[in-house]
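Here is a short report for a first look at one protein chain. Keep the sequence and the 3D view at hand while reading.

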Amino acid sequence: MIPSLTFFAPPNRALRPPKHHHHHHHHDKELDWGYMIERAAEPSTDLLEDIPLLEAIADTHQLDKDHDEDKKKEIFKKIVTAILSYHILPTSFLADDLAKNSTFATHLTLPDSSLDGKPQRIRVSAIPRLIFPPGLAVNLRSRIIVADVKAANGVIHVVNHPIFPPSSIFQTLFFFSDVFSIFTSAVQRVGLGDAIEWRYVPGKDGSKGSVQGSPSTTVFVPTNKAFATLPKKLKTFLFSPFGEHVLKKLIQFHIVPELIVHSDWIHNATDSLSVASSADLDLHEALQYARFGKMGLHHTKKSSHERRHARGQGKSDEAISPAKCGHLQPPHIPHPEPVYAVNLTLPTLLANHTLYVNIAQYEWRLPLPPHKSTYHTKVVAHGVNVGFADGVARNGALHIIDRVLNPRKDNDHHHHDDKEKASGVDEWDGWEDWLIKWADEN
């Protein structure tokens with residue numbers, strides 16, 4: 001038993017049983033396990049997040065053929081146990097503590113090496129509202145409706161929706177096709193699907209299946225709007241047979257392999273980077289270091305808050321497309337000194353090209369009693385503001401940007417300007433003269 005935990009508890013009204021299709025025979029007081037598994041494998045809004053978990057546990061098609069009810073019940077029990085584990089944080093956090101952080105490790109660790117065997121994470125974000133302090137949401141969809149219910153072994157927060165384990169990065173982006181269809185199409189077109197995917201592949205002729213793809217990665221994802229800012233001729237060229245090799249290199253620059261990078265937690269999943277023992281990096285602890293191997297973690301501002309148990313922040317309301325949900329924006333006043341600020345130099349899938357990322361968290365104390373604090377974390381990737389940071393996925397982290405990153409851009413990662421620099425079109429001006437040559441040389 002966990003001695004002190006946090007539990008996100010959905011009320012009974014949030015746990016509605018599935019509606020049976022008219023062609024399924026329904027028995028009173030008896031669950032149709034075959035239908036439950038069949039429905040869990042459907043790409044529905046409510047159960048989309050179940051698919052990778054279900055695939056990692058068993059080959060549902062084979063189960064459906066065998067009609068092994070005992071086996072189906074056992075699998076369903078494992079699925080429910082995993083989902084409940086995802087509602088548990090192994091440390092007790094009050095709502096004020098949750099508001100200081102962006103992501104938290106849950107009690108769920110998947111047996112398929114997802115996140116390099118580290119616990120799956122949730123994203124806690126602030127919900128903007130007229131009445132302060134802001135409310136809190138978990139993974140965008142679930143909202144905390146009753147906070148800080150004390151229990152003998154921790155604290156309970158009542159949420160209005162169950163919290164499902166996340167899909168892989170690729171599946172998450174594919175689901176929001178109206179926002180990320182150009183990026184996912186580009187990824188598939190240039191053969192980089194496995195770089196951001198982690199999926200169960202059934203074996204052939206009854207043999208055991210396996211999980212394929214990348215279990216640990218970070219992606220800075222340009223939206224469809226980001227691609228729309230490129231010059232029209234450049235877009236046409238990139239998605240033509242002649243520009244495919246250039247497109248691949250641009251996509252590779254947006255992918256950080258074998259590193260899980262959140263604004264408040266970093267994990268190195270490979271020994272090829274000189275990060276001590278592939279240890280997790282708590283960014284407050286990381287401020288003690290001047291440099292961390294190739295990853296280039298630099299301290300820019302120490303803080304009196306370094307020893308706090310949690311930090312970070314986010315934003316959003318339930319059932320909203322991630323691309324429309326940036327971090328909670330504070331009032332338009334000059335930034336105070338940051339609680340913490342770091343610069344990261346990250347390797348990318350594009351050989352010999354690094355990505356500069358700046359992270360800074362700010363704290364505002366509300367003027368009205370009880371004078372609680374609200375937090376805002378600003379993330380800048382290669383000079384581009386990240387509109388939505390710290391998206392959690394089964395196999396890593398995703399950060400959404402509204403500009404395509406330019407690997408040739410002269411980026412001063414130690415002193416970035418808060419304002420957007422050049423517009424997307426200006427940044428790519430004259431691409432005919434340099435882009436193809438650059439791609440051929442790299």
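Are Glu 427 and Arg 403 buried or exposed? Both residues are buried, where buried means under 20% relative accessible area, exposed over 50%, and partly exposed in between (1.4 Å probe, protein chains only).

## About the model

This is a predicted model: local features need pLDDT of at least 70, side-chain atom pairs count only at pLDDT 80 or more, and totals for chains, interfaces and linings use all residues. Residues are numbered from 1 along each chain as its sequence is written, and side-chain values use heavy atoms, with hydrogens and water left out.

## Salt bridges

The structure holds 5 salt bridges. The term stands for a side-chain nitrogen of Lys or Arg within 4 Å of a carboxyl oxygen of Asp or Glu. Side chains of opposite charge can pair when their charged atoms come close.

Glu 427 pairs with Arg 403, with the closest N and O atoms 3.0 Å apart. This pair links distant parts of the chain, 24 residues apart. Glu 427 sits in helix 13 (residues 424–427), and Arg 403 in the loop between strand 20 and helix 13. Helices (H or I, at least four residues) and strands (E, at least two) are DSSP runs, numbered from the N terminus.

Arg 394 forms a salt bridge with Asp 112, at 2.3 Å between the closest N and O atoms. Here the partners are 282 residues apart. Both Arg 394 and Asp 112 are buried. Lys 100 bridges to Asp 97, with the closest N and O atoms 3.9 Å apart. Asp 97 is partly exposed, at 25% relative accessible area.

## Two buried asparagines

Asn 395 lies in the loop between strand 19 (384–393) and strand 20 (396–401). Its relative accessible area is 0%, so Asn 395 is buried. A polar atom of its side chain lies 2.9 Å from the backbone nitrogen of Ile 169. Beyond residues up to four places away in sequence, Asn 395 touches residues including Leu 115, Trp 198 and Pro 215. Contact means heavy atoms within 4.5 Å.

Asn 358 belongs to strand 17 (residues 354–365). Asn 358 is buried because its relative accessible area is 3%.

## Nonpolar cores

A nonpolar core is a set of buried Ala, Val, Leu, Ile, Met, Phe, Trp, Tyr and Cys residues joined through side-chain atoms within 4.5 Å. The largest has 59 residues, and Phe 183, Ile 196, Phe 220 and Val 357 have the most contacts inside it. Another core, of 19 residues, lies apart from it; Phe 93 and Val 392 are among its members.

Definitions and conventions
Polar contact = N/O pair within 3.5 Å; in protein donor to acceptor, adjacent residues only side chain to side chain.
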